[in-house]
Amino acid sequence: MIVRRERPADHDAVREIHRAAFGGGDDVVEARLVDELREDAGYLPQFSLVAEDGGELIGHVIATRGRLEPLGIPALGLGPLGVRPGHQRRGVGTALVHALVAVAEAGDERLIALLGDPGYYGRFGFVRSTELDVEPPDPAWGEHFQVRLLTGPPVSGTFRYAAPFDRV
Ligand SMILES: CC(C)(COP(=O)(O)OP(=O)(O)OC[C@H]1O[C@@H](n2cnc3c(N)ncnc32)[C@H](O)[C@@H]1OP(=O)(O)O)[C@@H](O)C(=O)NCCC(=O)NCCS
């Protein structure tokens, strides 16, 4: 398996990955969200990564430009992350998250935020956001809103995702 940047020719397969990973059906929020994120000002092509195995795309992760308010400090919002059901629990998600964090470190990003299961993301160094003085967009998200600080002085504030997250 290799991890590489998504290309325009991958868009249909990426949509299918999220549709399958997040329960199937015609209108899967995560599949629609990825399409909308690509059209948004917060889209950063270097943070849309696919896992490819034998020519087949089996996983995808994306992070987009978010901000820490009130100062507007740039940060990354990770998600969605999806792996095709037949390929889960083989390290694909792990490879994608590690790759994305490495790209963020290389690009001098300061913080990655996400909404997800602490049991999964804790292994990558994500902690409950409020432990690091970062407030979730919605206080009800509690321990599921997690952040990982990257190199540099710590940053704090209330995290705001790219606009499509508020629409889907
Ligand atoms: C969650 C997901 C991305 C993980 O990818 P993956 O390739 O299956 O995961 P990996 O093989 O890298 O890691 C597997 C490990 O994660 C654990 N794991 C998988 N999903 C988990 C979850 N939702 N919560 C906690 N642990 C989880 C497994 O127990 C396994 O740990 P173990 O090997 O110690 O038993 C994938 O299962 C998926 O697409 N799920 C459906 C969509 C989804 O929930 N996305 C995440 C949204 S936050």
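This is a predicted model: local features need pLDDT of at least 70, side-chain atom pairs count only at pLDDT 80 or more; totals for chains, interfaces and linings use all residues.
A polar contact here is a pair of N or O atoms within 3.5 Å.

**Stop 1: the ligand.** Select Gly91 together with the ligand. A backbone N or O atom of Gly91 lies 2.6 Å from an oxygen atom of the ligand, so the pair falls within the 3.5 Å cut-off. Next select Val83, where a backbone N or O atom is 2.8 Å from a ligand oxygen atom. Arg89 also places a backbone N or O atom 2.8 Å from an oxygen atom of the ligand. With the ligand shown as a surface, note that the protein covers 67% of the 870 Å² of accessible area the ligand has on its own.

**Stop 2: the shell.** Select the 19 residues around the ligand; Val83, Arg89, Gly91, Gly93 and Thr94 come nearest. Colour by class to find eight nonpolar, seven polar and four charged residues in this shell. Two or more shell residues come from each of β4, α3 and α4.

**Stop 3: the pocket.** The ligand takes up space that is the largest pocket, with a volume of about 900 Å³. Select its lining of 34 residues, then Phe22, Leu81, Leu115, Gly116 and Tyr121, which lie nearest the pocket centre. Among the elements giving two or more residues to this lining are α2 (29-38), α3 (92-106), β5 (111-115) and α4 (118-121). Now select β4 (73-83), which gives the most to the lining, with six residues. Coloured by class, the lining shows 19 nonpolar, eight polar and seven charged residues.

Conventions: Residues are numbered from 1 along each chain as its sequence is written. Side-chain values use heavy atoms; hydrogens and water are left out. On a 1 Å grid over the protein atoms alone, a cavity is a set of points where a 1.4 Å probe fits but cannot get out, and a pocket is an open set with protein on both sides within 12 Å along at least five of seven lines; lining residues have an atom within 4 Å of a point. Grid points are joined across faces, edges and corners, and a volume is the space filled by probe spheres set on the points. Helices (H or I, at least four residues) and strands (E, at least two) are DSSP runs, numbered from the N terminus. Ala, Val, Leu, Ile, Met, Phe, Trp, Tyr, Cys and Pro count as nonpolar, Asp, Glu, Lys and Arg as charged, and the others, Gly among them, as polar. A residue is near a molecule or strand if one of its heavy atoms lies within 4 Å of it. A polar contact is a pair of N or O atoms within 3.5 Å; within protein, one must be able to donate a hydrogen and the other to accept it, and residues adjacent in sequence count only if both atoms are side-chain atoms. Accessible areas come from the Shrake-Rupley method with a 1.4 Å probe; for residues, only the protein chains shown count as cover. A molecule sits in a cavity or pocket if more than half of its atoms lie within 2 Å of its grid points.
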